[in-house]
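This briefing is for a reader who is meeting this structure for the first time. Please look over the sequence and the model before going on to the notes below.

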Amino acid sequence: MDARRSTTAVPRVRQVGFFTPNAPPAQPSRTHSFPVDSSSPPLSNSPASNSLSPVMIPPPRHLSDNLAHRATSPLPVPEPSAFRRPIRSHHVAVVGSYNPTESLLGSSPPLASPSSRVIGDGEFSEESTAGWFRRSNSAKFASSFSGGFDLTSIKSSETGGFHQVKKPVVAQPKEEKSGAAAVVEPQINSSSSTKPLKEKTTKAERRALQEAQRAAKAAAKDMTVSVGVSTCKPVKQQPAQKKDAPPPASSIAVSDRKGGERSTEKERRKDIPAPRMQFDDKSRVEKAKKRAVVNQSEARNRVELFRHLPQYEHGTQLPDLVSKFFQLDPMHPAVYKVGLQYLAGDISGGNARCIAMLQAFQEVIKDYSTPPEKSLTRDLTAKISSFVSFFTECRPLSMSMGNTIRFLKSRIAKLPLTVSESEAKASLCADIDRFINEKIVLADKVIIQHAVTKIMNGDVLLTYGSSCVVEMILLYAHELGKQFHVVIVDSRPKLKGQALLRRLVGKGLSCTYTHINAVSYIMHEVTRVFLGSSSVLSNGTVYSRVGTACVAMVAHAFHVPVLICCEAYKFHERVLLDSICSNELGDPDAISKVPGRMDINYLDDLTNKDNLQLLNLMYDATPSEYVSMIITDYGMIPPTSVPVIVREYGREYLWI
Amino acid sequence: MWWRSPSFILDKQQSDTVPHQRKPPDTLAHPLPSPLPFSMEDTLQNPNPQNNISAYYQTRAAHHAVVTGDWLAQAQAAIGQDPDDFPDSTAATVAGKPFSVIDEFNSWRKQPELAEAVAAIRALAAVIRNCQATTMMELEIELKKASDSLKSWDTTSISLTAGCDLFMRYVTRTSALEYEDFDSAKSRLIERAEKFGEISCKARRIIAMLSQDFIFDGCTILVHGFSRVVFEVLKTAAQSKKLFRVFCTEGRPDRSGLRLSNELAKLDVPVKLLIDSAVAYTMDEVDMVFVGADGVVESGGIINMMGTFQIALVAHSMNKPVYVAAESYKFARLYPLDQKDMVPALCPIDFGVPIPSKVEVETSARDYTPPQYLTLLFTDLGVLTPSVVSDELIQLYL
């Protein structure tokens, strides 16, 4: 993020990096443009003010929060992070060359220019079905106007009509921001950061301008859109409330209002696969909470950059869930058992989790009987979905599990209507068995056969953590009598490599064990790096256990070939550029505490401090340029060929 | 470093066995054992039992190499070499001896204009024709056996292996098996085999046509060694009155670059001969690099005669495009990770002076150029980026 787009000026942006949660941005020159409007409606009007529950997730730190906070505390706190470049006058005319709407917003009604951008944004978020690219802000934008019109009408309408429809679209985002005294420009790209705009007009001027616009638009909106009024109303109340409300309440109010809009948006998106849950999206989190079986309590100090991911207190759910066992009648015991094992960490590793889930589903299908007046296809799919959401609550699904579930659901959907229930059940169970056999067990065997050809006598093979397929490769190569040496690189806190080391040493392989800190030292002795992977994405990015990217990068720097071993069912058509968008957060205690070392207890009493955020990431993304080869059940392919496999394979497993 | 020692030992073993092979052949004659019309079992072995000298590179050397003083005359006489090395295989079959795919292959291979893979394809087509089988299964098994024996005849030749594999894919992946009648199925297979042979023959023309858009007037082209398809490209460009000049590397050890410069001079193309080590020196004058390929591997990289990798490296660092002209039957399902990760293909090197026995000589005939140093591949499937090679291979083999 460059200095121009300094995040402090952006009300909606998620602040990047580590920072003290309540530190207000140091922008003294800014204060004059944010007068606290004491005449705003009282907080009780807010529909969300009573929805503030103790389990409520702390709201994202919008600028509005910080500003409101600042209004009460006059002392500016110094800038916590270097890249949040402070202090630009609000009268700076041009912020960036790509920021043309600024002058429009400041001086004239921002109708024409930004609207096209909003449309672009909307279409984008509509098309990015996986919701992968979308971070919360673009989603909010999309939802904030999507209540007002449906996209098809826009696409079909003429330019004139088009413009008319667009108007409310532009207005809404602007209105809601204006209360917070900052204008956010809708972006073309849908990354979370919205560009800051410097206000040129005073608060009062802009308010007047908006009132005029709103009045003008109300009619148009009512005509074109039926839902328009309902979505517009809370918007009107919002700006005023925001200013006086205490920080949490105000932003919750914002999010609740969005929830209303989202419901209409949801209908529009029915045919699109559900986007990944964004955990900084209050309304959806609330909804999910209602359904939830597992009683998760939110982590106290959530890591700011990863708010969109679930961050829960670890270790609290298990006893609770165990005690609830008999109250959860719709839950199948096999599913329940596997869910608990996920939660407790007894089952880990992509393949193991997948197989456990499939076997649980097999049990479910065996014990299933179609309720009267329902069809097996629909009822079973719904049931599976509810189990899947239970699994998700226990531990976020891996991408390979997502693929597997997709396979199972497509099998259920493709059952012929004429087939009897027992036949359908038998065929589904057979399908599951075949999936496990063909896509996991046999695939591993094929991978081993391929990988062994790349192990020569005298090689030094490095592996990181513990991957079951890499372990099988090493053992098989050893069985073949190849002479090689294994370097196992491991890392805290899981230390999975030790288990692997034990098994390999037991089989008589010569091994070296080291921690990831020493990887750059050991790398120059290494001839091949074998790594496992949780998923391989369509741009060749390897999504794997945290630390893999580091090992691959060091290997690349030392010109050591990096071989990724991954079954093709783990390939995913999504694209991942960083490890922020999609990740999983582990127990923060695991990194703050060192078991068995009483002398290393520096963090013992600090875990609940407000200004400490512990980040225990589970995965990272290795860019494809660090990967020399991906070994899959379809052979050895370069990372550029992953989309081909996804295409071919995706076709295959629909009619498997 | 201790992990390097095994390869060092391996090198030593080879250098112990090689010496008698290393002395340069004084003529173009092949050290191949004369394949008398013996049965298949005998021909299954590689002509070079110790597997040190690559038969593939021997053939290349025989066709294109310039080793002796009167090379101009020899280049002329290259066609129809060694009549007694290869007894007429047709005579063998006529005489009622068992048909041998190796003999058939060798008789095709003698033609310098015919690529080894095409020779293999023709030999396999002949297998179908001469097959005594009465069922499809038998025929397929026999075909498989023939292809395996061809492949094991010379494991160092990538295009031979790839050509056989492709033939098997192309021919057997047909609706022929649906025919009730065996004879019609067999004739369908033969038809398909001949079609495939034809396609392979035309490949060079197609590549030459495709590459014409990339050769502009006034450009300077650097070529390495002698590649028939690159020569075809340059010939087509010269015939279509394009003005360009060519820098030919010498192409040690078989000095096939001399042959190319000779051929180009005949076409009145301005040509300059460089020693192999002058590549970086001249690279700033060069507009594009054209190389052939012995094999195109799954990663999109190429395996080609020694020196291609360093030319590609120099060109890459000077931002010059590197174009590879390769027929699609050279696409192989191989994936070398580095230079040593290949079946070693060695060729004797003549240094002109005797080399002391304590001095080791690197005799590898080929190197591997990773895809990031290549710009485009001209193939009969079209002009491809390196990453498409894998896509094509996946679609072909999966």
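The model is a predicted one.

**Sheet in chain A**

- Strand 7 (residues 535-537) and strand 8 (residues 542-545) of chain A run antiparallel and are joined by two bridges.
- A:S535 has A:Y543, in strand 8 of chain A, as its bridge partner.

**Sheet in chain B**

- Chain B has an open sheet of three strands in the order 5-6-8, and its pairing is antiparallel.
- Strand 5 (295-296) and strand 8 (366-369) of chain B each have a single partner strand and stand at the edges, so one side of each is left without a neighbour in the sheet.
- Two bridges pair strand 5 of chain B with strand 6 (residues 302-305) of chain B in the antiparallel sense.
- Opposite B:V296 stands B:I302, in strand 6 of chain B.
- Helix 15 (residues 308-317) of chain B packs on this sheet and touches strand 6 and strand 8 of chain B. The helix runs at about 35 degrees to strand 8 of chain B.

**Nonpolar cores**

- In soluble globular proteins, nonpolar side chains tend to be buried together.
- The largest nonpolar core here holds 75 residues, and A:F361, A:L462, A:M523 and A:V529 have the most contacts inside it.
- Domain 1 (282-438) and domain 2 (454-583 + 618-653) of chain A each supply at least three residues to this core.
- Beyond its neighbours within four places in sequence, A:L462 is in contact with residues including A:V487, A:V489, A:I522, A:M523, A:V529 and A:V551.
- Another core, of 62 residues, lies apart from the largest one; B:I121, B:A293, B:L374 and B:L384 are among its residues.

**Cysteines**

- Over all chains, a search of the whole structure finds zero disulfides.
- A:C394 has 7% relative accessibility and so counts as buried, the cut-off being under 20%.
- B:C347 is also buried, because its relative accessible area is 13%.

Key. Residues numbered from 1 in each chain as written. Chains lettered and ligands numbered in written order. Predicted model: local features only at pLDDT ≥ 70, side-chain atom pairs only at ≥ 80, totals over all residues. Heavy atoms only, no water. Core = buried A, V, L, I, M, F, W, Y, C linked by side-chain atoms within 4.5 Å. Buried < 20%, exposed > 50% of the residue type's maximum accessible area, 1.4 Å probe, protein only. Domains from an automatic or database assignment. Contact = heavy atoms within 4.5 Å. Pairing = 2+ DSSP bridges. Helix = DSSP H or I, 4+ residues; strand = E, 2+ residues; numbered from the N terminus. Disulfide = S-S within 2.5 Å. Axes fitted to C-alpha atoms, helices over the stretch in contact; angles between N-to-C directions.
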